[in-house]
Amino acid sequence: GPIFVGQKVPIEIELRIDETVLQDYLNYRVSVPLFDVPGLRFIDASPVRSNTQLEITTAAGPIRLPAVSEERTIGGRSNLVLRAERTLVAQKPGLIRAEAPTVTIERGTGFRRDLFGQRQATGSRRSVSAGRAVRLEVAEVPAEGRPASFAGAVGSGFSLEVEADRSVVQLGEPIALTFHLRGHGDLS
């Protein structure tokens, strides 16, 4: 179904590299066109067990997302899996289309030892893999049933606490108030 303007949508990026590719692996380049779509904002949070970074190429330059690296068996084969998370927040209604994310992996095709005995590639080849194109419908928050005080916050469990710097005041005396807004949603 559609997502709503201001709604937080979790995004997970997962790069899987087969163990046979790792033997000749030189480098990788990940491109996620969704991250370049105007009208979208992204919030980055570090996964609980973050132990590495996943570099992603964007129109504005590379970004390095905190990621989790682990070995996992997929289809009976050992893989290195890098997983990062972001949160998407749509800022305007409409249809969002983004090309498929891609990863380009460069592998060595021939090797020799350098002066220090390190393995060095004498040639390379590239392989490209693609995910699925992204199509999202972003809807305006429904007007029906909207409270008169609605200020655009989309989410759940909102609470507002107010504290005064003192409890006794004379009429007309200034006091300082502190507001604490909490909840699960876009609090910006």
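Which backbone oxygen lies 2.4 Å from a polar atom of the side chain of Thr-58? Select Thr-58 and then Gly-61, whose backbone oxygen is the one at that distance.

Before going on, note that the model is predicted, with local features needing pLDDT of at least 70, side-chain atom pairs counting only at pLDDT 80 or more, and totals for chains, interfaces and linings using all residues. Residues are numbered from 1 along each chain as its sequence is written, and side-chain values use heavy atoms, with hydrogens and water left out.

Stay on Thr-58, which belongs to strand β5, residues 52-58 (strands are DSSP runs of E, at least two residues, numbered from the N terminus). Thr-58 counts as buried because its relative accessibility is 13%, where buried means under 20% relative accessible area with a 1.4 Å probe, protein chains only. Beyond residues up to four places away in sequence, Thr-58 touches Phe-35, Asp-36 and Ile-63, contact being heavy atoms within 4.5 Å.

Next, select Leu-54, whose contacts outside four places in sequence include Ile-13, Tyr-28, Ile-63 and Leu-82. Leu-54 is also among the residues that touch the most other members of the largest nonpolar core, which has 28 residues; such a core is a set of buried Ala, Val, Leu, Ile, Met, Phe, Trp, Tyr and Cys residues joined through side-chain atoms within 4.5 Å. Strand β2 gives the most to this core, with five residues.

Finally, turn to the open sheet ordered β1-β11-β8, with mixed pairing, in which strands pair if DSSP finds at least two bridges between them. Its edge strands are β1 (3-4) and β8 (94-98), and β8 pairs with β11 (residues 134-139) in the antiparallel sense over five bridges. Select Arg-97 to find Arg-135 of β11 opposite.

Technical notes. Helices (H or I, at least four residues) and strands (E, at least two) are DSSP runs, numbered from the N terminus. Buried means under 20% relative accessible area, exposed over 50%, partly exposed in between (1.4 Å probe, protein chains only). A polar contact is a pair of N or O atoms within 3.5 Å; within protein, one must be able to donate a hydrogen and the other to accept it, and residues adjacent in sequence count only if both atoms are side-chain atoms.
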